[in-house]
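These are my notebook entries on what I looked up, one topic at a time.

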Amino acid sequence: MIRTYSSTSGRFDWTGFLFAVVLAIVIAVPLLVVFTWAFTEIWRYPAVIPQKFGLRFWNQTLSRADVWDALSISLQLSATVTALSALICLPAAYAFARMKFPGRDLFFLSFLASHAFPKFGLLVAIAAIFLQLNLIATFWGVVLIQLVGTLMLMIWIPVAAFQAVDRRMEEAARDVGAGPLRVFWSITLPQAGPTIFAAVLLTFVSTFYETEGAWLIGAPQIRTMPVLMINFINNQVVIQYGAVLSVILWVPSFIALMFARRVIGTGAFAKGFGA
Amino acid sequence: MARLTIESLRKFFASTVAVDDFSLDVADGELVCLLGPSGSGKSTILRMIGGFEQPTSGAIRIDGQDVGRLSPDRRPTGMVFQSHALWSHMNVFNNIAFGLKLRHLPRAEIRRKVEAALELVGLGGYGHRQTFQLSGGQQQRVALARSLVLEPKILLLDEPFASLDQHLRERLREEVRDIQQRLGITTLFVTHGQDEALALADRIVVLRNGQCEQADAPDVIYRNPQTQFVAGFIGQMNFIAANVEGGTFRHPEMSVAIGAQDGPAVLAVRPEALGLVAAEGGAGVTVVRSTDFGSHIMVDVELSDGTRLKAMTSPAMRWERGTRARLVPSAYALYRDNKLVVSGTVGASTAAPAFGAAPLVV
Ligand SMILES: Nc1ncnc2c1ncn2[C@@H]1O[C@H](COP(=O)(O)OP(=O)(O)O)[C@@H](O)[C@H]1O
Ligand SMILES: [Mg+2]
């Protein structure tokens, strides 16, 4: 919903209105087309509305074993990668935010460096190494490659979140008898919680949609949902398969968005960024 | 029973000297105020006692036991921060209960202790509230309860009421004093407000540049400041700079017979010890302003060398702007290089409408 108003009189704000309309067209129309295609059985040029709606392609898609396999693989991959990424990055982010140690800045940069290279070149180089390690076309190979891609997000946002936590709160916890680990677990993490939750969510979703690494390292044994979708689109002329998969793939990001909205709704999301 | 002993404490931050050779002995149940301008090292001293900063050198002992190398969670100290530092993701009850839970006390006992602590700070029944639903004063009370519930040997308070308004600050100050005396807990209270220190303390330690200027009872600090800095920092004080020549402090408008060696010095006179009498003709000092405080009138006068002084006079006498007056000091102190040289009272022969022997007015 977009509110349009002008500061001085009750005159209609045409600029705002136009802006809203353009945004709506750019965002909503492609979504609408994909949605329509997913529930269409016949739609021939030049009709504006499909000739026949139906769930035929849903049945066909969902009855395929490879779709369910890919969904299962995708969920397993995303969950594993997100958990590992959190395990590695959260303590590191805390160290970057709170501690002073030699080489701190260099170390921090190295975490971000993976994103400074052209991604595909880096992937090919890693693939060459993985080939020697027999990690190509294995679950853990894909986990590793996707893990690298999540590091930046999982470091950058939590560092900001930890830095925003009031040090006095941590000191007050030490004062009443909590050790460093207990302070991290009971005070720092919950205080930075909403922002970190958002980072975890974003990591999960972006891993779920990650294709380049999954395709390069995982093919042909490990096939994730997005990779499967690309195959469908490349090999079959039937638009509906792609459309149905798109709608299915859209579900996790929608759920993530709903969660994120609740977090942002408390205002804690912005607070995590030090606002 | 808790006694705090600090010996030659020093703290350097890189090149800045925050605390320099600070020693202090706090007796069991005593409330000592650390008073000093901002940046004088008060917080640093308190944080070293609490374990949040490592001393560069020196010793901190509680009941004879050296705690200098212990981490904060192993020290028998409780700290109340200026910013209350309550944990906003816990309600009031859980804030106070956190330390007790860490000690693995039975549930029922935790409940009983938390409720007693809340009663103690006048917040009975507030346990279920969220911390951000409380006013600033209530938040500080919860912070105080959070520390007290663990029965620390030493209570440390770092300007706990600095962010509250004057009225609330005065009330909370009295409550803290009350609670402290009831529990008999050894307390160190940091403040930069002299009125707070005078109202609260058994003993005041005046700090400047990380060093102790004077440590004495409030009335001694007020009536017998040992350095010029303390004289100027506590209460209102007039300073007049001139030379001592032949046993007399000689200023064109104020000469006092004094037992001090010749040389430049600074004479300090409290406004309540400075009387005014009407001067004949063009002699004397000029009245610049006169402010009526009801119980007394504060008259600002200007000396020929531009120095401004304040004199507290009785409301019976009006001083118009521009009037000429003669200064009649009744009590004074003489400082040289910040150190007290001599103090005394001027004989009753120079009868003045002064307020006698300096009442404690801030
Ligand atoms: N963590 C720190 N790093 C560097 N300098 C500090 C630090 N903490 C305090 N200081 C310095 O030490 C001096 C004393 O500070 P502080 O104890 O906070 O004074 P106060 O509490 O009396 O205002 C100041 O000059 C301050 O700048
Ligand atoms: Mg301070």
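Before turning to volumes I note the term: a pocket here is an open set of grid points with protein on both sides within 12 Å along at least five of seven lines. The model is a predicted one, and I read every entry below with that in mind.

**Entry 1, the largest pocket.** I looked up the volume of the largest pocket and found about 660 Å³ of space in it. Its lining has 21 residues, and those closest to the centre are Y94(A), R98(A), R167(A), E170(A) and R174(A). I then asked which helices of chain A each supply at least two residues of this lining. They are α3 (65-98), α7 (167-175) and α8 (180-209) of chain A. Sorted by class, the lining comprises 10 nonpolar, three polar and eight charged residues.

I listed the residues that line it as V121(B), Q140(B), R141(B), L144(B), F161(B), L172(B), E175(B), V176(B) and I179(B). Both α4 (136-148) and α5 (166-183) of chain B supply at least two residues of that lining, and α5(B) gives the most, with four residues. By class, I noted six nonpolar residues, one polar and two charged in the lining of the largest cavity.

How many residues of chain B are in contact with chain A? I found 23 residues of chain B in contact with 17 residues of chain A. The area buried between the two chains is about 1700 Å², and carbon and sulfur atoms give 59% of that area. On the chain B side, the residues that lose the most area to chain A are D73(B), W87(B) and H89(B), which together make up 29% of what that side buries.

**Entry 4, the four-stranded sheet of chain B.** I traced an open sheet of four strands with antiparallel pairing, in the order β2-β1-β4-β5 of chain B. At its edges I noted β2 (16-26) and β5 (65-66) of chain B, each of which pairs on one side only. Strand β1 (residues 4-13) of chain B runs antiparallel to β2(B) and is joined to it by seven bridges; within this pair, F12(B) has V17(B) in β2(B) as its bridge partner. Helix α1 (residues 42-50) of chain B packs on the sheet, where it touches β1, β2 and β4 (57-62) of chain B, and its direction makes about 115 degrees with that of β1(B).

**Entry 5, the five-stranded sheet of chain B.** I found an open sheet of five strands, paired in the antiparallel sense, with the order β15-β19-β16-β17-β18 in chain B. The edge positions belong to β15 (274-278) and β18 (308-313) of chain B, each of which has a single partner strand, so one side of each is left without a neighbour in the sheet. From one strand to the next, the twist averages 40 degrees. I followed the pairing of β17 (residues 297-302) of chain B with β18(B), which is antiparallel and extends over six bridges, and noted that V301(B) stands opposite L309(B) in β18(B).

**Entry 6, a hairpin in chain B.** Strands β20 (residues 331-336) and β21 (residues 339-345) of chain B run antiparallel and are joined by six bridges, with R336(B) standing opposite K339(B) in β21(B). What lies between β20(B) and β21(B) in the hairpin they form? I found two residues between the strands, and recorded that D337(B) in the turn has a positive phi of about 50 degrees.

Note on methods: Residues numbered from 1 in each chain as written. Chains lettered and ligands numbered in written order. Predicted model: local features only at pLDDT ≥ 70, side-chain atom pairs only at ≥ 80, totals over all residues. Heavy atoms only, no water. 1 Å grid on protein atoms, 1.4 Å probe; cavity = no way out; pocket = protein on both sides within 12 Å on 5 of 7 lines; lining within 4 Å. Points joined across faces, edges and corners; volume = space filled by probe spheres on them. Nonpolar A, V, L, I, M, F, W, Y, C, P; charged D, E, K, R; others polar. Pairing = 2+ DSSP bridges. Axes fitted to C-alpha atoms, helices over the stretch in contact; angles between N-to-C directions. Contact = heavy atoms within 4.5 Å. Buried area = accessible area lost by both parts, 1.4 Å probe.
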